[in-house]
Amino acid sequence: MSTSSALEGKVAVVTGASSGMGRAISVLLARQGAKIVCCDLFEKPNPKGFEKDLHLTTPQLVEQLGSSAIFQKVDISVIPEIEAAFEKALETYGRIDINVNCAGYWAPFRDLVDEDDELWAKMLSVNAMGTSKCTRLAIKQFLKQDIDEAWGSRGRIVNISSCAGHFSFPGENAYASTKALINHMGRAGATDHAKDSININTIAPGVVATGMARGNIEDKDIVGMMKKATPWPRLGRVDDIAEAALFFCMPGSQWITGQLLSVDGGMTLGVPYPTGS
Ligand SMILES: NC(=O)c1ccc[n+]([C@@H]2O[C@H](COP(=O)([O-])OP(=O)(O)OC[C@H]3O[C@@H](n4cnc5c(N)ncnc54)[C@H](O)[C@@H]3O)[C@@H](O)[C@H]2O)c1
């Protein structure tokens with residue numbers, strides 16, 4: 001596996017790093033030389049994941065690439081645990097340059113009327129408050145650090161929302177609403193912090209094969225509906241998302257901020273041409 005050094009010396013705090021998109025993003029950042037603080041509820045990858053190397057943890061994958069990583073157990077719905085993770089990152093590596101927030105909560109489809117207060121509270125605490133807290137702690141740290149003139153920034157934040165956050169998809173109202181919040185927090189936060197040379201961008205994935213999505217992908221009716229709703233002839237892979245996240249962390253994207261990038265095989269472009277029942 002080839003490595004490069006565009007992110008040599010950079011430190012990335014990645015949430016949801018043990019599985020799926022967060023894991024793939026950690027690996028691509030590490031391949032460019034970044035050190036990774038892998039934050040997750042569990043050190044081991046989600047056993048429902050589609051990764052071929054489920055026997056390895058993300059820090060082990062990063063170390064195989066010749067970079068450095070630590071695991072930090074964090075529930076992003078618990079503020080003191082997030083604070084401890086950022087402290088641990090600073091204690092270990094002395095700085096933070098990149099924050100990618102992938103940790104998220106999703107619940108099986110149901111109509112809005114059937115969503116209860118517990119579901120809304122959980123969605124808000126994980127997806128909204130957790131992502132917002134990580135974003136704010138990252139900005140606070142970036143403001144203490146100098147601008148890297150070659151890289152062009154004080155720090156980069158990439159938040160993972162969902163295509164459900166900007167188009168109407170049935171059965172996941174609370175999830176979609178909290179993902180919409182992430183989209184807008186990124187836009188508005190980027191406006192506040194462009195003056196500080198801090199980039200905040202958001203990726204809105206379509207349907208991607210991960211442990212979180214396995215139930216849908218293995219349900220013939222649901223996956224059929226998702227394929228029909230996706231114009232591109234395949235569903236998503238974690239590397240589709242990881243490549244986009246990497247782009248937002250590279251020197252070449254230093255003048256891009258506040259953007260919402262749909263990586264969804266065209267799912268949100270409109271109604272695809274019907275291809276049969
Ligand atoms: N898979 C999809 O089709 C899809 C589509 C759109 C958006 N997303 C979003 O992508 C992000 C990544 O999900 P994925 O599909 O890679 O799933 P995944 O299950 O493969 O990975 C999610 C990781 O986040 C961790 N996590 C969950 N809750 C956490 C918490 N409270 N604190 C810390 N870590 C936590 C899990 O342990 C897991 O390792 C999520 O925010 C999800 O909402 C996924």
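How many salt bridges does a search of the whole structure find? The search finds seven, a salt bridge being a side-chain nitrogen of Lys or Arg within 4 Å of a carboxyl oxygen of Asp or Glu. The model is predicted: local features need pLDDT of at least 70, side-chain atom pairs count only at pLDDT 80 or more, and totals for chains, interfaces and linings use all residues. Residues are numbered from 1 along each chain as its sequence is written, and side-chain values use heavy atoms, with hydrogens and water left out.

**View 1. Residues around the ligand.** The ligand is surrounded by 29 residues (a heavy atom within 4 Å). Asp-40, Cys-102, Tyr-175, Lys-179 and Thr-210 are the closest. By class, the shell holds 15 nonpolar, eleven polar and three charged residues, with Gly counted as polar and Tyr and Cys as nonpolar.

View 2. Contacts here are pairs of N or O atoms within 3.5 Å. A backbone N or O atom of Ile-76 is 2.9 Å from a nitrogen atom of the ligand. At Val-208, a polar backbone atom lies 2.9 Å from a ligand oxygen atom. The protein buries 92% of the 820 Å² that the ligand exposes when taken alone (Shrake-Rupley method, 1.4 Å probe).

**View 3. Salt bridge between Lys-10 and Asp-148.** The two side chains meet at 2.6 Å, N to O. Lys-10 is in the segment before strand E1 (11-15), and Asp-148 is in the loop between helix H4 (117-142) and strand E5 (155-160), 138 residues apart. Helices (H or I, at least four residues) and strands (E, at least two) are DSSP runs.

Note on methods:
A polar contact is a pair of N or O atoms within 3.5 Å; within protein, one must be able to donate a hydrogen and the other to accept it, and residues adjacent in sequence count only if both atoms are side-chain atoms.
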